[in-house]
Amino acid sequence: MATLSERPHLLYLAFGFPPAAKSSAYRLRETANQFCAAGWDVTVINLNDEAWRRDFGLDFSLMDEVDERIQIQKVRLLRPDQETDIRRFSKERALDPAGWSREYLARSQRDFPERHFGAWKRPLIRAAEAVHEARPIDLVLATCPPYVLLSIARHMFDTHGVRYAVDYRDGWSIDVVEGTEAFTPQSRSGKIEAATLEDALALWVVNEPIADHYRQWYPELTERIHVVRNGFDLASQPPIPHPPPDEQPLVFGYLGTARIYANMLRAVLESWGRARADDPLLANARFEFRGHSGSGANRASNGITDIVGSARDQGVTYGGPVAKRDLAALYSSWDALIFMHVGGRYVTSGKVYEYMATGLPIVSGHATEHDASVLLSGYPLWTGAYGTDIDGIYRSFRLAARLARQATTDDRLTARGYAAQFERGGILRPAVQALIYEAHRSGAVA
Amino acid sequence: MKSVLLIAGWTPRYASLAELVTRLHEYGLQVFLAGMTDVEVSHQGLGLDGLRSLRSVTDEYPPSFHRATKAGPFPREVWLHVQRDRWVAQQIRAAVAVVALDSPAIFSAWKLARRLPLVEAWYGIGSLLEIIEAQQLDRRARMVTRWKRAKLASREVRAATKAHARRTAKQLVIAAAGSPAVKWRASQAAWQRILLSSVLSNSRRVGLAVLVISSLQHAGEAAAAGRLTEDVLTRLGSTRSRADLLGGLVQRSIVLGDMPRNVVGAYAAELRYADELLARGKPEAATGSLLQATRLAFHRALHYDTTESPLAHDPAGFTSPLRSSVALSKVAARRGRRQPARPVPQDRPLRLMLATHGNTNFLGDLRQRLEAREDVELRVISLGDIGQAAPLARDPRRFLEPILAGNPKAEKVVERWVRQHLDWADVLFIDWCTAFARVLTLIDPGTTKVILRLHSFEAFSLWPHTLDLSRIDDLIFVSEHLKDLAVAEVPALLEPGGPSVHVIPNAVNLKRFDKPKADDARFTVGLIGYSAIAKDVLWAFEVLRRIRREDRRYRLLLIGDEPPGHQTEAARRYVEAFSRQLEELESQGAVERYGRTDDVPTALTRVGTILSSSVRESFGVGIVEGAASGAIPVVRNWPFFAHMNHGARTLFPPEWVVDTPQEAANRLLAITADESSWRGQSRHVSAEVIAQWDLSVLAKQFDQLLLE
């Protein structure tokens with residue numbers, strides 16, 4: 001067994017690492033754990049807790065499964081736009097919030113072309129240098145967003161020759177939600193991306209459509225571009241579900257960070273209301289909406305929570321965030337799930353894997369052409385995607401109600417069997433191993 | 001009990017707030033909401049412990065307040081309201097936190113936080129909930145502000161003492177200047193000496209004079225009030241002081257529910273002040289003053305919440321100061337268009353764009369018909385479709401001030417967000433002459449033909465006076481009497497280089513109203529739409545009482561919403577009288593409220609006669625719809641137009657029109673005296689109005705204008 005000093009050292013630039021209650025936290029945690037298990041020392045650079053408290057919030061239960069050997073450097077970098085204590089506002093900001101915001105956004109992009117985060121380049125370089133000074137780094141893995149982290153990886157390469165890899169997840173030059181290019185190759189961002197990826201040992205993205213985009217933009221990198229899907233965590237998987245007693249109303253659940261278009265949510269709620277009124281199987285059924293919603297001043301009060309709140313008389317409730325350690329229990333209390341998400345063919349979402357792992361019927365509230373549909377099409381308890389077609393979603397709810405009452409244990413086991421291929425550890429292990437191999441092959445690690 | 005004060009610049013999200021209120025109540029906190037929109041109505045069902053529509057009390061504030069609110073950015077306007085509001089001052093005493101629910105409210109919370117070191121100030125409700133859930137509210141506030149508290153203690157005490165003394169003195173003066181007191185002749189002489197005293201500063205003289213003179217007016221001492229006003233005016237040298245006095249008197253009368261005496265003089269003085277500010281190179285302040293002047297001139301208490309209007313009485317005289325305003329002439333300057341409107345295309349469908357700001361009541365049938373045509377490609381736009389140009393229409397100071405400053409920034413915004421619509425459209429049809437219409441015509445329309453339709457309420461607003469008439473090709477009025485009124489106000493409408501003027505009544509598909517009548521319809525009098533005071537439902541009650549004296553079988557069916565009546569004292573009084581009389585008549589079975597309905601034709605099957613009790617109507621769609629259903633019309637000779645060349649008598653067959661409640665009662669009794677004769681007339685009336693005013697007939701006039 002290698003001694004501590006022999007273990008190679010990974011600097012993992014991972015904003016959103018636990019305890020941040022970000023949807024990416026699970027992937028980041030598993031990646032760091034995998035490196036640790038493979039015999040690496042891992043130092044994570046993350047924002048401090050106050051920054052995440054202001055953003056999407058904190059979930060300390062996420063720390064339960066973080067390998068204790070992982071070192072976490074928390075950098076105190078706050079987004080001033082997420083400040084909600086008015087006593088800390090300047091008079092100029094209080095009087096002209098929009099003007100202040102314009103100026104702040106322009107200022108934030110001077111060092112690096114990324115709104116909000118560009119100004120963090122220098123302090124993050126200082127933080128990475130400090131880690132390197134304390135213990136030399138062998139490999140940098142930058143997971144984005146924010147994309148300013150690319151400049152840190154690049155700096156360590158240029159200054160100290162440290163090789164790096166990039167876990168883009170969704171990608172920078174592609175706007176995955178709109179399905180369009182986010183910038184041109186000739187733009188400042190385009191030039192930075194091209195230069196950074198050119199020397200990267202590997203580029204990870206979460207689905208094939210995004211990988212295709214990068215293969216088209218950078219054909220010379222094709223061999224280094226890998227699809228590393230998201231997945232589900234075994235600890236979040238509930239026991240095999242059973243139909244509720246006949247006299248007990250069904251409970252549908254949504255869990256996520258509410259990345260939903262308002263028109264989609266309205267369509268889902270209208271379909272829900274109609275199905276609930278028409279179908280005896282849905283009599284008195286409830287729809288629980290859980291998860292973080294909004295950041296900064298919009299936390300707990302935004303368009304999404306307002307739309308959800310307005311459907312209260314149809315058995316819809318907004319219950320706020322839920323701790324990761326309570327997920328399995330939450331899923332156990334639900335009879336069917338509603339999967340809602342923005343975007344189309346470039347978007348998968350991490351939540352869909354967790355949903356499939358439950359073995360519960362799933363109703364979709366997203367575009368028909370969506371990467372989640374590609375996955376869900378193999379899941380036997382899925383009721384189909386209909387975009388904002390109210391009749392289609394209405395039929396989905398009714399079918400899901402029937403499945404919730406009538407699906408057998410075998411049906412559910414089959415569904416969970418299909419989902420098993422997406423266990424997060426199983427997905428990330430080969431990707432991490434391949435990257436470690438590449439790091440050794442390239443001479444980054446002796 | 002401790003409380004949280006929420007401040008909102010925009011309409012707060014309802015459901016999120018409901019959740020918050022529940023949570024805060026669980027923590028034993030009271031929740032109060034002060035908003036710039038009418039939250040007292042929109043959020044009354046939320047379970048809050050108190051609500052304040054901040055704008056509802058602004059008539060109590062002096063003219064200087066109104067100028068200032070309209071001259072600065074919106075967050076400052078919110079603060080000016082919050083700062084002055086007595087209700088807010090009361091609630092803040094027990095508040096442990098102030099929360100700005102949106103960005104325009106931040107400045108108010110920030111200002112309050114600086115004044116109140118022990119109060120938390122948050123933007124958004126998320127952070128507040130976190131703090132409260134951690135049960136840290138008091139502890140944290142004290143921790144943050146402990147050092148400041150010690151420092152501020154003596155200053156706070158001094159300020160509080162002074163403020164208390166000022167409040168007490170003011171209360172004494174108000175009591176002394178109250179209407180019972182000033183009725184006493186000896187006290188009038190004393191007040192005159194005080195008000196004309198050379199030791200008073202102009203601002204104090206004005207403030208005190210407004211109280212005393214308005215009390216005299218309220219007590220019925222109009223002549224004494226007039227004399228005292230003249231005397232005080234001689235002591236006021238500056239344009240601003242004169243505007244303050246006269247404007248203050250108008251506002252005070254509105255607060256007291258009286259009809260103000262010298263509105264024209266007051267708003268003319270304010271317009272002079274606006275021109276003075278403009279000449280001094282202060283366009284921002286001039287904008288505030290111009291808006292204050294038009295606020296006085298077109299205040300709802302003068303024209304909407306009352307059954308008489310000084311403008312309707314003398315449209316040319318009432319609006320004459322507007323025509324001599326330099327500031328307004330800059331806003332309405334004719335900038336022309338480089339190219340004329342292009343003819344209707346022959347090789348493709350006509351691209352027609354309908355633009356309307358909210359109310360689509362009069363577009364429905366016309367729109368349906370246009371959508372069905374193959375030679376028309378139709379698009380409809382509203383405020384939501386013009387991006388960042390929308391705030392200009394919502395808050396007119398945003399384009400008035402740049403115009404007065406000679407700065408093209410508003411035009412640039414409109415160019416960026418509206419040009420694409422103009423480039424697409426062959427014809428732009430703007431329904432309603434509002435700020436939206438003015439914003440759309442801020443830029444050269446290119447080759448697009450621009451048509452504007454004016455209904456009724458706009459004639460009692462600023463907007464017809466601000467139009468750049470060189471950029472409007474056709475102007476449609478829905479009736480001759482509205483045209484008379486508007487032209488009397490804005491003679492430029494008919495001057496060369498302006499639009500072609502047309503009169504085309506509202507086009508409605510009347511055939512769908514032709515349904516069989518219920519058996520007992522003969523004795524049911526219908527009244528469609530009675531929420532506006534201008535509908536004068538009390539006049540209808542009077543008619544009803546007179547016919548019921550003859551026959552108790554007659555009933556009145558009210559179709560539509562109730563009058564809200566909370567915006568001015570005049571409206572409140574009217575609605576109070578309405579409620580009292582309604583209760584009495586309902587208890588006798590004489591009145592039934594049908595409520596609001598989208599299916600008016602079905603509601604009208606129960607109605608045998610249709611009554612128009614209004615003091616003004618643009619065209620009277622409700623009457624025509626009622627008549628099309630076979631309900632025989634009885635139309636009050638709308639008093640706002642009775643003295644003009646055109647009105648109800650020229651619009652409708654003269655036998656329909658009456659001048660007094662007794663004449664109305666007589667006609668109602670006559671036309672319903674006999675079942676077969678009533679049924680005969682009913683059929684005749686229905687056929688007559690459908691032949692004259694149905695969409696199929698009137699649409700030809702629209703086709704001619706829009707498509708040829």
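**Sheets, cores and selected residues of a predicted model**

In chain A, five strands form an open sheet in the order S12-S11-S10-S13-S14, with parallel pairing. Strands here are DSSP runs of type E with at least two residues, helices are runs of type H or I with at least four, and both are numbered from the N terminus. Two strands pair if DSSP finds at least two bridges between them. Strand S12 (316-320) and strand S14 (362-365) of chain A are the edge strands, and each pairs on one side only. Direction ignored, neighbouring strands of this sheet are turned by 25 degrees against each other on average. Axes are lines fitted to C-alpha atoms, for helices over the stretch in contact, and angles run from 0 to 180 degrees between N-to-C directions.

The model is predicted: local features need pLDDT of at least 70, side-chain atom pairs count only at pLDDT 80 or more, and totals for chains, interfaces and linings use all residues. Residues are numbered from 1 along each chain as its sequence is written, chains are lettered from A and ligands numbered from 1 in the order in which they are written, and side-chain values use heavy atoms, with hydrogens and water left out.

Four bridges join strand S13 (residues 336-340) of chain A to S14(A) in the parallel sense. A:Met340 has A:Gly365 in S14(A) as its bridge partner. Helix H9 (residues 262-278) of chain A packs on this sheet. Helix H9 of chain A touches strand S10 (251-255), strand S11 (286-290), S12, S13 and S14 of chain A, and its direction makes about 155 degrees with that of S11(A). Contact means heavy atoms within 4.5 Å. Helix H14 (residues 390-406) of chain A also packs on the sheet, where it touches S10, S13 and S14 of chain A. The direction of this helix makes about 165 degrees with that of S14(A).

Strand S2 (residues 41-47) of chain A is mostly covered, with seven of its seven residues buried. Buried means under 20% relative accessible area, exposed over 50%, and partly exposed in between (1.4 Å probe, protein chains only). On one side of S2(A) the buried residues are A:Asp41, A:Thr43, A:Ile45 and A:Leu47, and on the other they are A:Val42, A:Val44 and A:Asn46. Strand S1 (residues 9-14) of chain A pairs with S2(A) in the parallel sense over five bridges. A:Leu10 stands opposite A:Val42 in S2(A). A:Gln71 lies in strand S3 (residues 71-75) of chain A. A:Gln71 is partly exposed, at a relative accessible area of 46%. A:Gln71 and A:Thr43 are 28 residues apart in sequence, yet 4.6 Å apart in space, C-alpha to C-alpha. Beyond its neighbours within four places in sequence, A:Gln71 is in contact with A:Val42, A:Thr43 and A:Val44.

Chain B holds an open sheet of six strands in the order S14-S13-S12-S15-S16-S17, with parallel pairing. Strand S14 (591-595) and strand S17 (657-658) of chain B stand at the edges with a single partner strand each, so one side of each lacks a neighbour in the sheet. Strand S16 (residues 632-636) of chain B and S17(B) run parallel and are joined by two bridges. B:Arg636 stands opposite B:Val658 in S17(B). Helix H26 (residues 537-550) of chain B lies across strand S12 (524-528), strand S13 (555-559), S14, strand S15 (609-612), S16 and S17 of chain B, and runs at about 160 degrees to S13(B).

The largest nonpolar core has 185 residues. Such a core is a set of buried Ala, Val, Leu, Ile, Met, Phe, Trp, Tyr and Cys residues joined through side-chain atoms within 4.5 Å. B:Leu245, B:Phe541, B:Leu558 and B:Phe652 have the most contacts inside this core. Helix H14 (residues 263-279) of chain B gives the largest share, nine residues. A second, separate core of 93 residues includes A:Ala165, A:Ile260, A:Leu330 and A:Tyr394. Leaving aside neighbours within four places in sequence, B:Phe652 is in contact with B:Phe619, B:Ile623, B:Val624, B:Val635, B:Trp638, B:Val657 and B:Trp693.

Two charged side chains lie over rings in chain A. A:Arg93 lies over the face of A:Trp100, at 3.8 Å from the ring centre. A:Lys324 lies over the face of A:Tyr26, at 3.4 Å from the ring centre. The criterion is NZ of Lys or CZ of Arg within 6 Å of the ring centre and within 35 degrees of the ring normal.
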